[in-house]
Amino acid sequence: MTSPRPFSEFPPKNPAELFTSPPRLASGLAASIFFGCPYEQNEAARAELISVLSAGYAQAKFPYQFSLKPFGCYMMLYTENGCGKLYAENSSHALKAGSLLLLKCNIPFKIEIAVSPWEYHVFFLDGLPMNFYCSCLPKDRFPLFMLSEYSPVKKDIHKLTENEIHGMIRNKLTDHRLLTDIFTELLLEHMQGNTQEKRAPSYLLEMKELFDSDYAQNYTLDRLEEHFAISKYRLCREFHSFFGQSPLQYLNGKRIEAAKKLLLDSDYRIHEIGSLVGVENTNHFIYLFKKYTGMTPLAFRRNL
């Protein structure tokens, strides 16, 4: 495979040169929509700072699919609502609400909508500091992050979308500062999360494993208290401290992820899926599903 070349102008005047096949798009959309709006560049800043080459916001609906060749920059994609899919290196990754993807675009990849409407912000980035941040990522981990509800990264992303696209050094410094804060926070959160999980007491790791592998069971705090012989208040407090969510939030998240797979891959009815993942009350299951995904189970299934 030939090495992807960096662009003196991005996106190029003919974006079609980046596609392995013509994009599949709803009527009225141009292929250039994927790359957003080009930013004016400042060559003095571009060599030393993280620069935004182009950026955009999409509210995608079916069909929406792009297959791309390797090219010489980085892509940061943050999903607000709905869900997309990324296919790269013989695997697929769900780009769901609250996720942030940081991809070095030196590999071919395909991106498409999974749940409509898929609302996301995308930034194409360049600059020497990007090499350092990507070198800090674990080699065995795909660079896809789930941001917590109160992550400062979300605020910085929105500030980034509000900055001017002109080439003045002030704008470039602002972009660089925000992007530096974003990547620093991402890496620190990831490193802290790994360290915390390794330090977590064995009973919390066991509880988490129960939720991961046997989420359909009818867990209650009283039963967990009895099982571990530890106060339920202490269990809740410590679980949240180490894993960033309460036990019930974590468990329900696992149940909803399992429900999404059943909606994709089976013909089970809504109430049956709720029961299979451990939520017997159908109305409560629908409420939880909408809370975690932004849509009802039926709407999720119809939009596939």
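Which helix gives the most to the lining of the largest cavity? Helix α4 (residues 169–199) does, with three residues. The views below start there. This is a predicted model, in which local features need pLDDT of at least 70 and side-chain atom pairs count only at pLDDT 80 or more, while totals for chains, interfaces and linings use all residues. Residues are numbered from 1 along each chain as its sequence is written, and side-chain values use heavy atoms, leaving out hydrogens and water.

**View 1. The largest cavity has a volume of about 40 Å³.** Rolling a probe the size of a water molecule over the atoms shows where empty space is left. Here a cavity is a set of points, on a 1 Å grid over the protein atoms alone, where a 1.4 Å probe fits but cannot get out; lining residues have an atom within 4 Å of a point. Grid points are joined across faces, edges and corners, and a volume is the space filled by probe spheres set on the points. You can look for L102, Y133, L137, F145, F183, L186 and L187 in the lining. By class, the lining has seven nonpolar residues (Ala, Val, Leu, Ile, Met, Phe, Trp, Tyr, Cys and Pro), no charged ones (Asp, Glu, Lys and Arg) and no polar ones (the others, Gly among them).

**View 2. The second largest pocket has a volume of about 460 Å³.** A pocket is an open set of points with protein on both sides within 12 Å along at least five of seven lines. Of the 21 residues that line this one, C83, K85, H93, A94 and L264 lie nearest its centre. The lining has 13 nonpolar, two polar and six charged residues. At least two lining residues come from each of β5 (74–88), β6 (91–96), β8 (109–126), β9 (144–146) and α8 (247–265). Helices (H or I, at least four residues) and strands (E, at least two) are DSSP runs, numbered from the N terminus.

**View 3. E89 and N90 sit in the loop between β5 and β6.** Most residues other than glycine have a negative phi, and most peptide bonds are trans. E89, however, has a positive phi near 50°, and N90 has one of about 65°. Are they buried (under 20% relative accessible area), partly exposed (in between) or exposed (over 50%; 1.4 Å probe, protein chains only)? E89 is exposed at 58%, and N90 is exposed at 88%.

**View 4. The peptide bond from F62 to P63 is cis.** Its omega is near -15°, and P63 is in the loop between β3 (51–60) and β4 (64–68).
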